[in-house]
Amino acid sequence: MPENVMLKITEAVGFPSILTLRKVCRDYRNFIDDKTPNINLTRLFITVNLKRIELYCGTSKKDKEIYYVKHPGGFVINHNFGRDHIMENEEISSVFLRDFELIIKHQKSALEYFHFNSGSMTNEEEFHQFISPIFSETMKILKSRPRPLKVKEFKMNAFREEHVMSILPFLDANLLTNISMEHTDYGAFKRNETVMQLNEIMPLPQWKNATNLDMSYLYVTEPFQAFFGFTKVWIWKKSVSGNDLLSVKEKFLSPNNQTEEFSIFYLDFVDCQILGVSIMDYLGDQHWYYRTKNNEKILKISKIIWINYKTLIVSFIERSDVPKRAVVFTLRKVCRGYRNFIDDQIPSINLTDIIIHVHQQRMYLYYDIPLNKKLILYKNHPAGCVVNHEGREYVMENEEFLSVFLRDFGLIITHQKSALEQFHFDSRSMTNDEEFRQYTSSIFAKIQKILKSRPRPLKVKEFAMSIFRQEDVMSILPFLDANPLTSISMLHPNYGAFVMKETAVELNEVVALAQWRNAKHLNISYLYVTEPVENLFGFTKSRICIKVVSGNDLCLIKEKFLSPDNQTEEFLISYKELVDTQLLGECYSTEHGDQTWYYRTDHYNKILKISKITWTKKITVSFIGRSDVPENAKYLLS
């Protein structure tokens with residue numbers, strides 16, 4: 001077969017088949033090594049740590065993952081989660097570098113992404129000793145190519161300039177658009193306040209030609225002017241002055257400016273008064289606005305303090321986005337750069353509680369960060385709405401308070417990644433079902449849409465909600481993560497209305513949910529449930545309302561408590577009528593008319609107790625110790 005035909009066929013089978021074909025015979029292997037058919041990768045991701053190396057190769061058609069894991073006799077290699085192959089008397093990095101060299105040799109087209117990650121190594125010196133030989137060999141492999149490796153986006157974990165210099169200079173400067181450098185471990189960066197030198201990197205054509213720069217968890221000491229050649233910049237500086245930002249401002253306002261966003265994470269910010277008069281929003285963030293030669297384009301400098309991050313962002317906005325009469329933006333209107341940051345990069349905001357109180361003319365949003373409880377109040381105003389945060393009140397013109405609340409709630413839910421201890425939705429100010437339905441239906445629909453938009457269900461441990469109907473709870477409960485959920489509470493918004501109308505709620509859809517099956521505690525207050533008592537089993541503790549309770553219902557609950565697989569500890573029922581209690585057997589009565597039934601169990605010192613309190617109209621089923629049974633009470637056989 002002609003060589004050019006053989007070459008086209010070989011390239012057509014793609015990676016990783018080319019690597020497999022090398023093993024067919026010696027002649028074919030020599031052919032592949034001599035002609036180096038292009039494997040056409042689009043993505044090459046490498047992750048290295050002390051005990052494991054991962055190599056991810058992606059094409060437009062097929063991906064391949066190779067894992068190299070240390071083993072007592074050498075190491076284990078695994079392809080695409082298939083069978084493990086033990087490589088005896090081989091060193092893990094040597095085999096990885098051999099495979100990497102083969103891949104680099106056959107990669108002729110441009111990589112969209114080339115990432116070199118280094119796991120989560122917390123000891124900088126240990127990391128340096130471990131990774132330096134690998135970087136040295138990587139550099140040799142890249143230098144051995146007849147032409148520089150074509151890469152569009154390059155990203156690597158590093159904290160010394162020499163790490164970056166082992167790879168970046170050997171990439172094709174003409175195609176490179178993105179450069180990202182990030183410390184191997186945020187904790188180590190924060191502890192050591194790691195500084196990255198850039199004096200050798202900055203003269204490189206790769207640095208000069210790239211359009212986007214992202215340096216995370218690495219402080220830089222170079223002047224701001226060193227970063228002016230990029231379209232988008234993300235850097236970390238220990239200290240920033242007002243004069244620094246003036247130089248950035250002048251760059252943005254210069255005729256030949258190409259920069260669109262300039263973001264700085266910092267520790268200290270001094271002399272901000274040099275920037276002129278600022279507007280402070282209800283979260284305490286500051287914003288400066290400057291005219292440009294384009295009447296519809298405004299330069300904005302924002303100082304944002306968000307949990308553990310302090311950020312300065314310089315960007316252009318539209319004139320229509322400038323607040324009227326010093327009106328404050330909500331978080332989503334700060335600027336495009338910050339919007340992208342909080343949507344794509346920021347870690348979890350780690351709230352512990354979210355509690356929402358709904359009223360017809362206002363909304364309360366309580367959120368808890370550990371040891372720090374906050375309240376935001378949204379209410380109507382003749383000019384629009386008022387937002388009050390920590391005692392500071394701001395008028396938001398031409399804005400509807402519900403829209404502002406839902407926008408902020410959506411932002412919080414998007415960035416809440418850890419589990420909430422409590423998520424409560426309280427609308428106890430409303431007494432009428434029709435009024436409740438008219439006002440809350442649209443709110444529930446929008447909240448449902450926000451919860452559904454998350455990539456993963458919201459993690460909540462305790463969920464409580466005011467409801468009239470099953471559809472109310474079904475707008476939220478199905479979109480919570482069933483695994484961490486331990487407690488479900490539902491209650492009527494108004495006790496007086498419940499007593500007057502004897503409101504009942506169906507639960508046929510709710511009881512089928514995984515959230516219902518996984519929860520341990522159930523509390524349904526001021527709502528009569530219509531489900532059979534058997535559908536309310538499965539909880540460790542249950543508190544419910546049933547309009548008419550029969551002796552037969554209580555016998556079923558008793559049998560559940562006495563069954564071998566029982567996990568229930570307490571079952572409390574509020575009732576209106578109680579009938580056929582004679583089915584329970586002989587009871588112990590008090591002078592107030594309260595009644596108690598005692599039953600033996602398989603454990604001598606454990607007694608099942610069913611008690612009826614007449615005054616409160618409550619029945620409680622639970623276990624007690626034998627010593628807690630009155631002397632003149634009679635035990636009933638189980």
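Helix α11 (residues 401-414) packs against helix α12 (residues 433-452) at an angle of about 25°. Their axes are 10 Å apart. Axes here are lines fitted to C-alpha atoms, for helices over the stretch in contact, and angles run from 0 to 180 degrees between N-to-C directions. That makes α11 roughly parallel to α12. Angles under 35 degrees count as roughly parallel, over 145 as roughly antiparallel, 65 to 115 as roughly perpendicular, and the rest as oblique. The crossing of α11 and α12 is right-handed. A crossing is right-handed if the near helix is turned clockwise from the far one by less than a right angle, and left-handed if anticlockwise. Helices (H or I, at least four residues) and strands (E, at least two) are DSSP runs, numbered from the N terminus.

The model is predicted: local features need pLDDT of at least 70, side-chain atom pairs count only at pLDDT 80 or more, and totals for chains, interfaces and linings use all residues. Residues are numbered from 1 along each chain as its sequence is written, and side-chain values use heavy atoms, with hydrogens and water left out.

Now turn to helix α4 (residues 92-106) and helix α5 (residues 124-143). They pack at an angle of about 25°, with their axes 10 Å apart. So α4 is roughly parallel to α5. The crossing of α4 and α5 is right-handed. Helix α5 also holds Glu126. Glu126 is partly exposed, with a relative accessible area of 40%. Partly exposed lies between buried, under 20% relative accessible area, and exposed, over 50% (1.4 Å probe, protein chains only). Glu126 and Leu50 are 76 residues apart in sequence. In space, C-alpha to C-alpha, Glu126 and Leu50 are 9.4 Å apart.

Next come the charged pairs. Side chains of opposite charge can pair when their charged atoms come close. A salt bridge is a side-chain nitrogen of Lys or Arg within 4 Å of a carboxyl oxygen of Asp or Glu. By this rule the count comes to ten salt bridges.

One of them joins Arg52 to Glu54. The closest N and O atoms of Arg52 and Glu54 are 2.8 Å apart. Arg52 is partly exposed at 29% relative accessible area. Glu54 is partly exposed too, at 27%.

Glu471 forms a salt bridge with Arg469. Here the closest N and O atoms are 3.8 Å apart. Glu471 counts as partly exposed at 47% relative accessibility. Arg469 is partly exposed, with a relative accessible area of 35%.

Lys547 pairs with Glu502 in another salt bridge, the closest N and O atoms being 2.6 Å apart. Lys547 lies in strand β26 (residues 541-550) and Glu502 in the loop between α14 and β24 (504-505), so the pair ties together parts that are 45 residues apart in sequence. Lys547 is partly exposed at 32% relative accessibility. Glu502 is partly exposed at 23%. The pair belongs to a network of salt bridges that links Glu502, Lys547 and Lys576.

Tyr526 lies in strand β25 (residues 521-529).

Together with Tyr495 and Val499, Tyr526 makes a nonpolar surface patch of about 300 Å². Patches are made of residues with over 30% relative accessible area and no salt bridge: like charges are joined within 9 Å, nonpolar side chains (Val, Leu, Ile, Met, Phe, Trp, Tyr) within 5 Å. Accessible areas come from the Shrake-Rupley method with a 1.4 Å probe, and for residues only the protein chains shown count as cover.

Where do the patch residues sit? Val499 lies in helix α14 (residues 495-501). Tyr495 is found in helix α14, whereas Tyr526 is in strand β25. Tyr495 is partly exposed, with a relative accessible area of 49%. Val499 is partly exposed at 45%, and Tyr526 is partly exposed at 34%. Tyr495 and Tyr526 are 31 residues apart in sequence. In space, C-alpha to C-alpha, Tyr495 and Tyr526 are 6.3 Å apart.
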